[in-house]
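Please walk through the structure shown below, region by region.

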Amino acid sequence: MIPRCVSALVKRSLGSQRLNRTVETSGFMFSCITNSTSSTRSIDCYSLCGDHPSSSGSRTYTTSCASLPEARTQENPTSDMLVDSFGRLHTYLRISLTERCNLRCQYCMPADGVELTPNSQLLSRGEIVRLANLFVSSGVDKIRLTGGEPTIRKDIEDICLHLSNLKGLKTLAMTTNGIVLGKKLRLLGKILKIFVPAKFELMTRRKGYERVLESINKAVELGFNPVKVNCVVMRGVNDDEICDFVELTKDKPINVRFIEFMPFDGNVWNVKKLVPYAEMLDRVRQRFGHVERIRDKSTETAKNFMIDGHCGTVSFITSMTEHFCAGCNRLRILADGNFKVCLFGPSEVSLRDPLRAGVDDLGLKEIIGAAVKRKKAAHAGMFDIAKTTNRPMIHIGG
């Protein structure tokens, strides 16, 4: 299904143009996985970004399915609906397609599992597309599909195809753990050898280590640049592998993104497990020498660095020790249709219920705009977040 989707989109919109693509592998999982396998955005084999080595011209293709024709990437007028009371414009929407996942990573999933929302209460394909169109027509230009694990949803191909046709959408991305993606793409790439399968299974509570690594290698082989590998770092678990992950960037266009351990319901967060950004960066500098900061956009969530002699890059997502709330441009729709303006905030507003009650687009925009206006200037800080009831990450969307 995934290959068919990619093939159709590429044939339809590539032509003689150069295709700029983005895929993300989930870091924690990879991180996790990698930790031996920490893959949140990588496998987070959640997200891969890259340039297709073909012709000239530029397009946006993200994750497994999205190559957007120029005619559809014209900007839409920005609606006040997307501007909060602090003047932040939100142009990035993350949509969770499912609460289900084929891994059980410690970071996302409580040891005893989670209660799943009945299928009838999850957003349908038509509802997802309608809400996405509402946001894009109001000024959102980037959508990332998350989960759960989005590739296990049976209508993932149709969802990608419909979203790729939205006028004004510049980037369609997906975060995946790489398990199903690798199988569907019949990956044959050389498997990376720096990870320990036993640790992968300890952290994810499932098998699949080889398939995840094959997915990452295949993404590199297909020309995605960079391939993003997200690694959630936990002291005493995988912090001894930070420099091993950096080695991945030596000869491949991989962006390894180290993520500070964040508290969510059921992941047994403890500040003693948190490895601060400053400590991680110091370890990298001690091992690799000169590390140069890259100039980041104001809405960038990561602090990005180049290392002399390395093809790829290294990044740090510092949500706990140096938050980036002032430049936040993200909004989230959960699989059950709840709207969330802050990853760490407990407040949610249902969009599914008014949608099914027949509320028109204008009414939905009023609900969305009111929620955005209530967004706070910053999250409460890691210690208060740890004491606040919030959903498990598996419900929110990686």
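N329 lies in the loop between β13 and β14, the latter spanning residues 330-333. The model is a predicted one, and in it N329 has a relative accessible area of 9%. That value is under the 20% limit for burial, so N329 counts as buried. Beyond its neighbours within four places in sequence, N329 is in contact with L89, H90, T91 and Y92, and also with T299.

T171 is another buried residue, with a relative accessible area of 17%. T171 is placed in strand β8, which covers residues 171-176. Its C-alpha lies 4.6 Å from that of K142, although T171 and K142 are 29 residues apart in sequence. Strand β7 covers residues 142-146, and the loop between β7 and α4 contains G148. The peptide bond from G147 to G148 is cis, and its omega is near 10 degrees.

Helix α4 comprises residues 156-164 and is mostly covered, with 7 of its 9 residues buried. Which residues of α4 are buried? They are I156, E157, I159, C160, L161, L163 and S164. With a cut-off of 2.5 Å between cysteine sulfur atoms, the count of disulfides comes to 0.

The next topic is the packing of nonpolar side chains. In soluble globular proteins, nonpolar side chains tend to be buried together. The largest nonpolar core in this model has 35 residues, and the members that touch the most others are I254, F258, V284 and F316. At least two residues of this core come from each of the helices α7 (209-221), α8 (242-247) and α9 (277-288), and likewise from each of the strands β9 (227-233), β10 (254-260), β12 (303-307) and β13 (313-317). Helix α7 gives the most to the core, with 6 residues. A second, separate core has 34 residues, among them L82, L93, I159 and L355. One of these, I159, is also among the buried residues of α4.

G289 is placed in the loop between α9 and β11, a strand of residues 291-293. The relative accessibility of G289 is 35%, so G289 counts as partly exposed. G289 and D308 are 19 residues apart in sequence, and their C-alpha atoms are 8.1 Å apart in space.

The last topic is a cavity. The second largest cavity has a volume of about 40 Å³. Which residues line the second largest cavity? The lining consists of T98, E99, R100, L116, T117, N119 and L122. By class, the lining of this cavity divides into 2 nonpolar, 3 polar and 2 charged residues.

Note on methods:
Residues numbered from 1 in each chain as written. Predicted model: local features only at pLDDT ≥ 70, side-chain atom pairs only at ≥ 80, totals over all residues. Heavy atoms only, no water. Core = buried A, V, L, I, M, F, W, Y, C linked by side-chain atoms within 4.5 Å. Buried < 20%, exposed > 50% of the residue type's maximum accessible area, 1.4 Å probe, protein only. Helix = DSSP H or I, 4+ residues; strand = E, 2+ residues; numbered from the N terminus. 1 Å grid on protein atoms, 1.4 Å probe; cavity = no way out; pocket = protein on both sides within 12 Å on 5 of 7 lines; lining within 4 Å. Points joined across faces, edges and corners; volume = space filled by probe spheres on them. Nonpolar A, V, L, I, M, F, W, Y, C, P; charged D, E, K, R; others polar. Contact = heavy atoms within 4.5 Å.
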